[in-house]
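Let's take a walk through this structure together.

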Amino acid sequence: MTSVAGLVLAAGEGRRYGMPKALVPHNGRLFVESTVDRLRAAGCERIVVVAGAAADRVREADLGDAEVVENRDWPTGMGSSLRQGIEALQGTAPQWVGAVAVMTVDLPGVTAEAIGRVLQEAGPQVLAAAT
């Protein structure tokens, strides 16, 4: 299997939801914490979390060795967070990252096993999506 980095998009303010989804408690963990946990359990050795609206509080979460990068342009949309996360991964370890598993923070029902099945398809020339 190709080395896969995990990228968590967690910068939004959750305006329609009423709070940043990264900070939603679910089964004793915040969404951002459980997303990092599941990516790690699926096999991602390096994980980057892109925070924005609640960056300070996301940094305080229990994320283990996941790196938190701040997207100051988060109000412009998810594309800016994706760009910020990819740039963070390229800037420090491009030699070992063969693929990136991208997850939004608001998918608590996606299991580590499901992520692992997608990771089995990972490669530099592959675009795989769960359905």
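A residue is called buried when its relative accessible area is under 20%, exposed when it is over 50%, and partly exposed in between, using a 1.4 Å probe and protein chains only. What you see is a predicted model, in which local features need pLDDT of at least 70, side-chain atom pairs count only at pLDDT 80 or more, and totals for chains, interfaces and linings use all residues. Residues are numbered from 1 along each chain as its sequence is written, and side-chain values use heavy atoms, leaving out hydrogens and water.

Start with the sheet. Four strands form an open sheet in the order β5-β4-β1-β6, with parallel pairing. Its edge strands are β5 and β6 (99-104), each of which pairs on one side only. Here strands (E, at least two residues) and helices (H or I, at least four) are DSSP runs, numbered from the N terminus, and two strands pair if DSSP finds at least two bridges between them.

Now look at β4. Strand β1 (residues 4-10) pairs with β4 over six bridges; Gly-6 has Ile-47 as its bridge partner there, and Leu-9 has Val-50. Four bridges join β4 to β5 (residues 67-70), where Val-68 is the partner of Val-49.

How enclosed is this strand? Six of the six residues of β4 (residues 46-51) are buried, so the strand is largely enclosed by the rest of the structure. In a regular strand, side chains alternate between the two faces of the sheet. In β4, Arg-46, Val-48 and Val-50 point one way, while Ile-47, Val-49 and Ala-51 point the other way.

Charged side chains come next. A salt bridge puts a side-chain nitrogen of Lys or Arg within 4 Å of a carboxyl oxygen of Asp or Glu, and a search of the whole structure finds nine of them. Arg-46 and Glu-67 meet in one of these, at 2.6 Å from N to O. Arg-46 lies in β4 and Glu-67 in β5, so the pair ties together parts that are 21 residues apart in sequence. Arg-46 counts as buried at 14% relative accessibility, whereas Glu-67 is partly exposed at 28%.

Another salt bridge joins Glu-33 to Arg-29, their closest N and O atoms being 3.7 Å apart. Glu-33 is buried at 9%, and Arg-29 is partly exposed at 24%. A further salt bridge links Glu-70 with Arg-72 at 3.5 Å; Glu-70 is partly exposed at 26%, but Arg-72 is exposed at 67%.
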